Amino acid sequence: MPFGHDMVHSLATVVDLVNTSPSTGGEDTLTDLEQLGAFVERQEVSGVETLDETDLTQVRALREAFHKVFTAPDQATAVIRLNTLLSSTRITPRLTEHDGHPLHVHYFAPGASLHEHLAADLGVALAHLLVEGEWGRLRTCSAPDCGHVFVDESRNRSRVYCDSRTCGNRMHVAAYRARRRA
């Protein structure tokens, strides 16, 4: 996909955020401020100085809203869900360079809460994906015991597993064993 660093980073961040939810079939890995802080650090979310329980509650609600965008039955529903999410935040585009990253656009207002920061930046990244006609790249893992989401960045849009080393390998081994038994 011909997207810049900030777009790719934002898409990876929204995937990571959604996959912290038990809605994706795993355990909830965003249950306390320590885990939220680890997420912020892992994803290099800039401009976050302190976190409190309000941040945790708001970000947990936001991840469920993003999950609904990924699991929308069609593009029209995804657009409605994303517009609803974006309407809840102040979007103030501005160019910035920081932490060794090249010039890129931040969409959150200065002094925005973590929730607004993530809603704006990640929501706009998903909006660009939808505008480019790439809604089909928002996927849920095809492994029967996995519900993780991912953005299919493959050239031919053929990726079906969230991770080829875990889910993909496990499913290929199962198929091989089934063929050997037959």
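Where in this predicted model is the place of His5? His5 has its place in helix 1, where helices (H or I, at least four residues) and strands (E, at least two) are DSSP runs, numbered from the N terminus. Residues are numbered from 1 along each chain as its sequence is written, and side-chain values use heavy atoms, with hydrogens and water left out. The model is predicted, and local features therefore need pLDDT of at least 70 and side-chain atom pairs count only at pLDDT 80 or more, while totals for chains, interfaces and linings use all residues.

**The strand pair**

- Strand 1 (residues 91-96) and strand 2 run antiparallel to each other and are joined over four bridges, strands being counted as a pair if DSSP finds at least two bridges between them.
- Within strand 2, His104 is the residue that stands opposite Thr96.
- Strand 2 (residues 104-108) is mostly covered, since four of its five residues are buried; buried means under 20% relative accessible area, exposed over 50%, and partly exposed in between (1.4 Å probe, protein chains only).

**Aromatic rings**

- The charged end of Arg94 sits over the ring of Phe108, 5.3 Å from its centre; such a contact is counted if NZ of Lys or CZ of Arg is within 6 Å of the ring centre and within 35 degrees of the ring normal.
- The structure holds zero aromatic pairs, a pair being rings of Phe, Tyr and Trp (its six-membered ring) whose centres lie within 6.5 Å, with planes under 30 degrees apart counted as stacked, over 60 as edge-to-face and the rest as tilted.

**The largest pocket**

- The largest pocket holds about 340 Å³ of space, and of the 24 residues that line this pocket, the closest to its centre are Asp6, His9, Ser10, His106 and Asp121.
- On a 1 Å grid over the protein atoms alone, a cavity is a set of points where a 1.4 Å probe fits but cannot get out, whereas a pocket is an open set with protein on both sides within 12 Å along at least five of seven lines, and lining residues have an atom within 4 Å of a point.
- Grid points are joined across faces, edges and corners, and the volume is the space filled by probe spheres set on the points.
- Helix 1 (5-18), strand 2 and helix 5 (114-131) each supply at least two residues of the lining, and the largest share, seven residues, comes from helix 5.
- By class, the lining divides into eight nonpolar, 12 polar and four charged residues, where Ala, Val, Leu, Ile, Met, Phe, Trp, Tyr, Cys and Pro count as nonpolar, Asp, Glu, Lys and Arg as charged, and the others, Gly among them, as polar.

- Arg90, found in the loop between helix 4 (75-86) and strand 1, counts as partly exposed because its relative accessibility is 43%.
- Arg90 and Tyr107 are 17 residues apart in sequence, and 8.5 Å apart from C-alpha to C-alpha.
- Glu34 has its place in helix 2 and counts as exposed at 68% relative accessibility, and its C-alpha atom is separated by 9.3 Å from that of Leu51, 17 residues apart along the chain.

**Backbone with positive phi**

- Most residues other than glycine have a negative phi.
- Glu44, in the loop between helix 2 (33-42) and helix 3 (53-70), has a positive phi near 50°.
- Arg157, in the loop between strand 4 (149-151) and helix 6 (164-181), has a positive phi near 55° and counts as partly exposed at 39% relative accessibility.
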